[in-house]
Amino acid sequence: MNLIDVAKKFATEEACVNYLEAMRWPDGVRCLKCDGQNVSRYQTAETSREVKNRKTGKLETKTVPSRFIYQCMDSACHFQFSITAGTIFNDTHLSLEKWFNAVALMCNAKKGLSAMQMQRDLRTAYKTAWYLNHRIRKAMMMADLAFNDEPLDGVIEADETFIGSKKYDRRRKRGKYEKEPVFGIVQRKGKARTYHFPQMNRWQIAEKLKGDISIDAKALYTDDGRFYQRVPENIQKHEIVNHSAKEWVRGDVHTGTIDGYWGLLKRGIIGSFHKVSIKHLHRYLSEFQFRWNNREAQDMFPLVIAALVIGIAMPYAKLIEKASGPELSEPSEDVPF
């Protein structure tokens, strides 16, 4: 669904709530506390309240929009909850219409969408747009893990790249092996898998090759890098393109597919984001991987919405907390699949 379709279909809060309700409870709404089925839905009235401005100290009148509330009608429960409670949407102050528009924008942005651009499109604060983008990236990561977990088959290409500036400066980390190493595996005309390693070695790469490549794969093509001198036994055929001798293709043997993938990733980082945090790099990789793996799918939008509904909440405090070493190599969020 493109942005125009989303804007038409989900023009009201009620339309968004109905869609999420069907996603979350296909067999009927159930109470989040007692799991009862006797649940009623009602809409609160729009009200206003006075809030003190932190900068000026003056009282300002703020509008409190109407909300759709679910209430368990069991006499021993009477628990109240919203459609977004316990999901990645949890504690959001944005309207669901803006959430749906943001998902459509990120699904259709081939080279990614920066928080500054999202801020301009949705007319929100920058902090809100940044937090929104990362929650959508988490949903993309979860959807990709759930629906693209089969080993890669056919002809496979593997390669590594380094994320960072090309300009070398001794005062900063600009040397090749001071950048952030990223390893990738791409199936020709198929799926991709990418991983961020704080420090890359051939044992880590061998583990990923063993886990992500099917024993029925036709061939694995790599360059002449030292990481690929030994490959796991499940790979029956391994051929090398000698980039050191300026050999780029030999018949059907080349790494052009994954080189194109790296080009798309880096054009996105340089052109859209300009720079990305090391701590959140795995989430940016998941965003590009999700779009690549679903580039011909007609249901990319509902996949992300479903993951947002099923996923676990990601508090802002957890998102900005300091990262520590090893866990940077893999996503740190708990995935409920």
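Predicted model: local features only at pLDDT ≥ 70, side-chain atom pairs only at ≥ 80, totals over all residues.
What runs alongside E9? Strand E6 pairs with E9 in the parallel sense over 3 bridges, and there Ile156 has Leu220 of E9 as its bridge partner. Strand E10 (residues 238–241) also runs parallel to E9, joined to it by 4 bridges. In that pairing, Tyr221 stands opposite Glu239 of E10.

## Helix H6 and its two faces

Helix H6 spans residues 202–212, and its buried residues are Ile205, Lys208, Leu209 and Asp212. These cover an arc of only 100° around the axis, which puts them on the same side of H6. The cover over them includes strands E6 (155–163), E7 (180–187), E8 (192–196) and E9 (219–223). On the face turned away from the buried side you will find the exposed residues Trp203, Glu207, Lys210 and Gly211.

The helix has some side-chain details to look at, too. Asn201 caps its N-terminal end, with a side-chain oxygen 3.1 Å from the backbone nitrogen of Trp203. Arg202 lies over the face of Trp203, at 4.4 Å from the ring centre. Lys208, one of the buried residues of H6, lies over the face of Tyr195, at 4.2 Å from the ring centre.

How many of the 6 residues of strand E3 are buried? The count is 0, and E3 (residues 59–64) is hardly covered. Strand E2 (residues 47–52) pairs with E3 in the antiparallel sense, over 6 bridges; within this pairing, Arg49 has Lys62 of E3 as its bridge partner.

E2 and E3 form a hairpin with 6 residues between them. Have a look at Gly57 in the turn, where phi is positive, at about 80°.

## Aromatic pairs

Across the whole structure, a search finds 17 aromatic pairs. One of them joins Phe100 and Phe301: their ring centres are 5.9 Å apart and their planes lie at 65°, so the pair is edge-to-face. This pair links distant parts of the chain, since Phe100 is in helix H3 and Phe301 is in helix H9 (residues 300–310), 201 residues apart.

Both Phe100 and Phe301 are buried. Together with Phe10 and Tyr19, they form one aromatic cluster.

Ser114 is placed in the loop between helix H3 (96–108) and helix H4 (115–122). Is Ser114 buried or exposed? Its relative accessibility is 14%, and the cut-off for buried is under 20%, so Ser114 counts as buried. Leaving aside neighbours within four places in sequence, Ser114 is in contact with Asn133, Ser272 and Phe273.

Ile4 belongs to helix H1 (residues 3–9). With a relative accessible area of 56%, Ile4 is exposed.

Terms used: Residues numbered from 1 in each chain as written. Heavy atoms only, no water. Buried < 20%, exposed > 50% of the residue type's maximum accessible area, 1.4 Å probe, protein only. Arc of directions from axis to C-beta. Contact = heavy atoms within 4.5 Å. Polar contact = N/O pair within 3.5 Å; in protein donor to acceptor, adjacent residues only side chain to side chain. Pairing = 2+ DSSP bridges. Phe/Tyr/Trp six-rings, centres within 6.5 Å; stacked < 30°, edge-to-face > 60°. Lys NZ or Arg CZ within 6 Å of the ring centre and 35° of its normal.
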